[in-house]
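Me: Please take me through one part of this structure, the ligand and the pocket around it. What lies there?

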Amino acid sequence: KCALEPSAMVSDACVSYGEINGINDLIFSTLNSITQETDFFSYYRLNLFNTECPFWSDANSMCGNIACSVNTIESEDEIPLTWRAEELSKLEGPKANHPPRKIQAERPKERPLQGELGDDVGESCVVEYDDECDDRDYCVPEDEGSVGKGDYVSLVDNPERFTGYSGEGAHQVWNAIYSENCFMKPMADELEDQTLNVPLGGLQAASAFRDVLHQKAQRPEGLPLDNECLEKRVFHRLISGMHASISTHLCWDYLNQTTGQWHPNVQCFQKRLLEHPERISNMYFNYALVSRAVTKLRKHLDNYTFCTSDPAQDRETKARVNKLTSTLSGLPQIFDEKIMFQDPGALGLKEDFRNRFRNVSRLMDCVGCDKCRLWGKLQVNGYGTALKVLFDYDETKNGENPPLRRTELVALVNTLGRISHSIAAARSMQRALLTGTTHM
Ligand code: FAD
């Protein structure tokens, strides 16, 4: 099938780009309201500061740029615009002390709500001090090897956007992440996907990008992904799709360090995404995979008790989550996890896959920018949770499924929210490029 059609299928998924755009239009506002307006999904608990990079000394990546000198300056207004990177990468606003955390800490583990929800309601509220690692986890629980259980951080107050974090430190982390996929070499996007699907809503035929696509189709660099086994391709797609989504957000919410203005930067989008259609393709793949995992949790979420200190809001949260999962469940299945890890010759591959993903999770402690580390950790946890749900969770059973921590659920839903937002932002920026709008 011609790769430039919106009807082209997303590689390794059972859905076309156009269909994903349609699904995204359907769920975008519900998902957005869940991640932006509910306490349950907008506070994330993690260890941002009490951890060290386990792979190398991160002194250089933390302090290697000129902006380190701004540490002693109190007000951001006094910082020269071009030096703001370090400041931009810090968390903003007060760190949240989420009410339930305190409540839970003061109450016995068995009955965290002490009957507050009524006698006839089971207290299935997920409390967060049971963070022991489960063999089936794809991520390192946030408190492993560190003191304390971390802090609650408001995701709404700290949006994922341009921070200025770049250079050697950032590249070292990305390289290490890609080299976890040592099933295949060379790494990163030297591996071009030959299918070259460019998915953005029928606008793909734009002559501006045709040459780039043509060149790539003629001269694929490195090994073709489609010659690799499915599981290895999936690992690469996950990482590359996450990277693409991060890049989309930093281009979408970009700070012009000369003028001090925040706005979408379509040239950034063109350079980082559009000229590498396989990156966009991988982002769509991630959408299929993560949304399938959320769909699979429908029954679990139907019975879930959302616990914040505000029962009315909890009911609203539940209604929104139900709306999301029932909409997704009503659609054709767009990713088939059952075809993975089936080959008897690939014994041990699943374990290998899981261990590599855990290493990616550990690598997040090497990210030298607070906000990037926050979103990096959240998204790796979200993808790890999606993998756990897809490969170790049976929706027809109760009781035998691996436990899902609250942090995993929050990470999963927010990760879907991130990809959903990336796809919408990518379509807007491509539309702007095609109509010659350089300032959005
Ligand atoms: P990079 O994005 O650093 O890419 C390095 C190399 O990887 C590229 O040269 C290319 O060969 C390859 N590559 C790039 N994209 C892909 C892809 N999608 N698939 C496969 N290969 C690819 N910066 C922010 O401003 N805001 C953030 O929130 C933020 N979060 C980050 C989170 C993490 C975990 C990390 C490691 C970095 C984060 N950064 C963030 C930094 C940002 O990702 C870039 O590293 C930085 O902007 C420098 O970009 P670059 O153009 O040098 O290429």
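Reply:
**The ligand and its pocket**

A nitrogen atom of the ligand is 3.1 Å from an N or O atom in the side chain of Tyr 178. Such a polar contact is a pair of N or O atoms within 3.5 Å; within protein, one must be able to donate a hydrogen and the other to accept it, and residues adjacent in sequence count only if both atoms are side-chain atoms. This is a predicted model, where local features need pLDDT of at least 70, side-chain atom pairs count only at pLDDT 80 or more, and totals for chains, interfaces and linings use all residues. Residues are numbered from 1 along each chain as its sequence is written, and side-chain values use heavy atoms, without hydrogens and water.

Ser 240 has a side-chain N or O atom 2.6 Å from a ligand nitrogen. Trp 174 places a polar side-chain atom 3.0 Å from a ligand oxygen. Alone, the ligand exposes 940 Å², and the protein buries 87% of that (accessible areas by the Shrake-Rupley method with a 1.4 Å probe; for residues, only the protein chains shown count as cover).

Now the shell. It holds 24 residues, the closest being Arg 161, Thr 163, His 171, Ser 240 and His 243 (near means a heavy atom within 4 Å).

The ligand sits in the largest pocket (more than half of its atoms lie within 2 Å of the pocket's grid points). A pocket is an open set of points on a 1 Å grid over the protein atoms alone, where a 1.4 Å probe fits, with protein on both sides within 12 Å along at least five of seven lines; lining residues have an atom within 4 Å of a point. Helix H6 (168-179) and helix H8 (230-252) each give two or more residues to the ligand's shell (helices are DSSP runs of H or I, at least four residues, numbered from the N terminus).

The largest pocket has a volume of about 960 Å³ (the space filled by probe spheres set on the points, joined across faces, edges and corners). Of its 39 lining residues, Trp 174, His 243, Ser 247, Leu 250 and Arg 272 are closest to the centre. H8 gives the most to this lining, nine residues.
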